[in-house]
Every structure is written in C-alpha cells, then in structure tokens.
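Hi there,

I am passing a structure on to you, and I hope you enjoy looking through it. Please open it first, and then read my notes below.

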Amino acid sequence: MKQTVFLICAVLALAGCASLPEVAKPAAVAAKAVPPPDPKTQMAALETRIAALIEEQRLKLDPDAKPLLFDPELAQVARLRASDMAEKNYLAHAAPNGDTSATLLMAQDAKWQGLLGENLAAQHYVPQSGVDVDQFAQRFLDEWMKSQPHRENLAFKAYDRTGVGAAVNGDTVYVAQLFASDLGIKSDRDPQSGVTEFASPTAAVSPDATATPPVPLRLRGAEGGGAN
C-alpha cells in the first residue's frame, strides 16, 4: 500500500524587543558570558523529556491508552535513525541507503513482530543560545500535535512500548520516536514475511487488514519538520 509522507514546516520567529534609551552608567568590568552546554551532551535528557511529554499527552487524549514502557531495542533503533539523519542531513523514513526503522529493527531481532509507528522531526537552534531541553521537547510535541498523522501515532492506545532517539549536527536537532505493540501476534515468525505499510495505526488493525494472516511487522510512519 502506498504510504503518504507528511512534512510539517514550522517557522520559529524570535520576538524583537525595542531598545531603551541608553543611560550613562558607572564603568564596570563586563561579566564574561557563560557559553551554553554542548548540545550533543543534552540529547539524552531531550529524549527522556520527549518521552515524558508524549506519555502525558497520550493520557490526556485517551485515558484508556496503554502506558508506554521504555524499550531499549526501540530506543537503539530510534537513535540510529536520528544519528543517520543528523549525519547525512535529511528528514525521511528511509535513509539514502534504503534503511528504515523497520528493517533495522528486524535486522537486530529476527523474531520481532507487531505494529511499529514512527514520528520524525527536526528543529533548528541558535548556537549562541544552545538547546533548552524543556523548550525543545515541548516544540517537538506541539508540532506533532498539529499534524493528524503524528497525533494518531502518539495517541494510538494499543501501543505499549516506545523508544526515542535524538541527535544534533550543525544547527539542527533531529528526533525519531518509535511506538510498538505486538498486537497479540505469536513470535513464531515466518522468515519469508516482511513489512506492510499502512496509512494509520487504526487501518493496520482494521478487519480488512486482519482478514489475512498478519505479516510480522506493520509500519506506520509520519514525518515532522522544523524551522527553516
């Protein structure tokens, strides 16, 4: 099934402040500005904060949604995806070499089965200001909430596991969040099976989709865009 790719472009503007009339002040030694932390050292904290905000938002949208447990396998794949996008400067579900979260996941766990959802996003930052973890995590959530595909992914109540990856290169932060559910599928996987793409997580569990024996992994993905 052909997958629709959604790209969200958000323009972040810094509000300008009018200058006040200059007032003569006693001469003083200017304090040396403290540079912001290296953004690379803040990616782990950003991943944790995004996961927490998404969990809170899921419960607001649907109190019956299953809690999202941290899955180290999903987190590893999410970090690989975020790092690859940062290194090669792209925002897409498939890497230039064709790798996707689904193929990476199956490569590291041949018996993985179920429904896999993916949300991607990128945001620019000002090097002089650095990356404010709380602010950037909220931005990613806000942009995903504006997009129906992203919103459906993060709100789908059957998902019960997640992993977040964040990486930075130049002046851009890239994020990948994966959601998963085994859908009750047994782990005795047919090695000939592969990935089936669906337009939404709801479509993946519809009667039409489950009328035939399910393939091991069903992929649902949505992209998010950052400021330009």
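Here are my notes on a few strands and aromatic rings.

This is a predicted model, in which local features need pLDDT of at least 70 and side-chain atom pairs count only at pLDDT 80 or more, while totals for chains, interfaces and linings use all residues. Residues are numbered from 1 along each chain as its sequence is written, and side-chain values use heavy atoms, with hydrogens and water left out.

Of its 9 residues, 8 are buried, so β3 is largely enclosed by the rest of the structure (buried means under 20% relative accessible area with a 1.4 Å probe, protein chains only). Strand β4, residues 172-181, pairs with β3 in the antiparallel sense over 9 bridges (pairing takes at least two DSSP bridges). The two strands form a hairpin with 2 residues between them, and glycine 170 in the turn has a positive phi of about 65°. Strand β1, residues 69-70, pairs with β3 in the parallel sense over 2 bridges.

Now the rings: Phe156, Tyr159 and Phe179 form one aromatic cluster (ring centres of Phe, Tyr or Trp, the latter by its six-membered ring, lie within 6.5 Å; planes under 30 degrees apart are stacked, over 60 edge-to-face, the rest tilted). Phenylalanine 156 and tyrosine 159 pair edge-to-face, at 5.1 Å centre to centre and 75° between the planes. Tyrosine 159 and phenylalanine 179 are stacked, at 5.5 Å and 25°.

Best wishes

Notes:
Buried < 20%, exposed > 50% of the residue type's maximum accessible area, 1.4 Å probe, protein only. Helix = DSSP H or I, 4+ residues; strand = E, 2+ residues; numbered from the N terminus.
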